Amino acid sequence: MQLFQGSAHLKNVETTNFNTSGEPILSIQNLRRDFKMGDEVVHALRGVSFDIHRGEFVTIMGTSGSGKSTMLNILGCMDKPTGGHYILDGEHTEKLSRDALARIRSQKIGFVFQSYNLLSRTTAIENVELPLLYNPKISAEERHHRALAALKMVGLEDRMNHMPNQMSGGQQQRVAIARALVNDPVIILADEATGNLDTRTSYEIMMIFQELHRQGKTIAFVTHEPDIATFSGRTVTLRDGLLKKDVVNEKVQDARAAFEALPPPETFDDEEDA
Amino acid sequence: MSPLTLAKIALKALFRNRMRTFLSVLGIVIGVAAVITMVAMGEGSKKSIKEKMTAMGTNAIVIMPNQQRRGGVQLDANSTAQTLEEADVIALRREATYINAVSPVITANGQAVVGNNNSPTQLTGVSSDYLLIRNYEIEDGVMFDDETDRMAKVCVIGQTVVKNLFPEGNPIGKTLRYKSIPLKVIGTLKAKGSGDFGQDQDDIIFTPYQTVMKRFNATTDIRQIYANSIGEGYAEKATEEIMGILKERRGWTKPVDPFRVRTQEEMISMITSTSDLLSLVLTAIAGISLFVGGIGIMNIMYVSVTERTKEIGLRMAIGARSRDILLQFLFESVMISLLGGAIGIALGIAASQAIKTIMNWPMSVSITSVIVSFGVCFATGVFFGWYPARKASRLDPIEALRFE
């Protein structure tokens, strides 16, 4: 697969062929992003290209400073590249206005953050409904209906009226996943979604992501933990703003099996009750 | 987002910070309540002055020599001042068309005595028209007749005089003595109460003006002539006409008028303009407190925006446009100010009623002040909420999400 044209860094890229059937849902081409820090220009992304196809579960890895946060911001349409192209579901996002990008975020993207970012003193169901508030085509009734369905998908329909502070970290993150699902996005972007959780809970969250993947969702999962990457079908590694590796996982780990293989939780531990 | 959804979100956010919302609302409540009460106070005093003036006779016109007095000293004695005389009264009655009643007023000071009772009442010499001009009415007996009672030793007395001199009642036909001259009481006046400046309008003795001129003062000078214009709005025309007739009689050509003509309409507008100024000052002070309340809103909205930076970032990340965020915060500030406005109006009306009942102060809550206050509250909310809301809407979602 031809990823770069005329880049000096080409030789460093290891690529493996994977299933590329049909049009990519997401395509970045020679993506660059520069930041001005005073007089200096920092090149966070120096020309990265890859495609993600419908139904793929991709982890994006990299150490801090590798450009993966910048990449995620651009993929999430919260930032615009300095150069190159980013085509999401057929739309050239680099040409769009602030408002048009907001519309794309509202209709095509589902975010899951490291720190959950639920609105405090707001019930689970209201948190899940939130993205639909910014879509005028959806009625209050449908909003509730869809939010409830999303909560069911993450197994929290019995907690719909709980406030975030009445839920464990894992439950909060599941509410956040429900919130990312509710607008039926073309891609779910997860930013270190297991970063604040212990191993057991992380694996539970990964079970949900794997289940969503099985149901056909496209997922891009940013992480720096290698064991998390083993649950996805493909790993893209960034280093110093360049694509370092793009490999297909031949042996995808099953999160449920990994979870069950963990030693049982100790009784005094204030862990997940799910 | 629909306005209803925005309102719901705003209400929820305000409810979450109850104490803070309460305090910002309080600032507006105090401001609005102060405005409503102050305006009610101003309007009330204006209204009561107007009512009293009307009781005195709105169409009254007073004509007097144009004497320049300062500190009781007559300046410029022989330049323009002219005295009024009986012929002026007759001329006005005959020629003027914009007035329907004319009466000279000549007074004598002394005591009215009946047996052991006395009353230190001024004797007022008038013609029968005076009743119409000053809105007096006969209660019992009759008013003297201008023709048959010329110089007659008769009088018509007010209720205070009746009380002072005839405590046993029924004064008609009885005689009182004023400066040793006996005057027969032929009529009594209906009670009128106190006048504009607190004087007792029932402490009065009317007698034909010729009687005062000839029997008491021994002069033909008339201090004042009262007239009554034919209706509201004719005061100015009547004034011109009166001045014209008086000047013509004297062949007057000097630039300075020989007489001064005061109309009741002028007096009302003079006094109400004073109270207008007073209520303007009061309202301005109240308005300042409303302004301070607005600054309170702005302050709290800035705090709120900073505190909720992360929420703003999240909302933007999941699809809120700048406009959605702007409206969300604008709705909050407008809601604070409108809530404050509504409570403030209710409190202001209640305070006005309380002052009216307890302190017996004339209060009049005007609908205009209520509507204007509410409008100003809305404007305050938009004005003071605008900058914080715009700050929120211009945040960068990435930066905002990273904010701790």
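Two residues are in contact here if their C-beta atoms, placed from the backbone, lie within 7 Å. Keep that in mind for these close-ups of a predicted model.

**View 1. Helix 3 meets helix 4 in chain A.** On the helix 3 side, the residues that touch are Ala124(A), Ile125(A), Val128(A), Glu129(A) and Leu132(A). Their partners in helix 4 include Arg143(A), His144(A), Ala147(A) and Leu151(A). Sort the residues of this contact by type and you get 8 nonpolar, 1 polar and 3 charged. Helix 3 (residues 124-133) and helix 4 (residues 140-153) of chain A pack at about 120°, with 9 Å between their axes, and their crossing is right-handed.

**View 2. An open sheet of 4 strands in chain A.** Reading across, the strands come in the order 3-2-5-6, and the pairing is antiparallel. Strand 3 (40-53) and strand 6 (91-92) of chain A sit at the edges with a single partner strand each, so one side of each has no neighbour in the sheet. Helix 1 (residues 68-75) of chain A packs on the sheet and touches strands 2, 3 and 5 of chain A. Further in, 5 bridges link strand 2 (residues 24-37) to strand 5 (residues 83-88) of chain A; Leu26(A), for instance, has Leu88(A) as its bridge partner.

View 3. You'll find Asp240(A) in the loop between strands 10 and 11 of chain A. Is Asn135(B) buried, exposed or partly exposed? Asn135(B) is partly exposed, because it has 17 C-beta neighbours inside 10 Å.

Notes. Residues are numbered from 1 along each chain as its sequence is written. Chains are lettered from A and ligands numbered from 1 in the order in which they are written. This is a predicted model: local features need pLDDT of at least 70, side-chain atom pairs count only at pLDDT 80 or more; totals for chains, interfaces and linings use all residues. Two strands pair if DSSP finds at least two bridges between them. Helices (H or I, at least four residues) and strands (E, at least two) are DSSP runs, numbered from the N terminus. Axes are lines fitted to C-alpha atoms, for helices over the stretch in contact, and angles run from 0 to 180 degrees between N-to-C directions. A crossing is left-handed if the near helix is turned anticlockwise from the far one by less than a right angle, and right-handed if clockwise. Ala, Val, Leu, Ile, Met, Phe, Trp, Tyr, Cys and Pro count as nonpolar, Asp, Glu, Lys and Arg as charged, and the others, Gly among them, as polar. A residue is buried if 20 or more other C-beta atoms lie within 10 Å of its own, exposed if 12 or fewer, and partly exposed in between; C-beta atoms are placed from the backbone.
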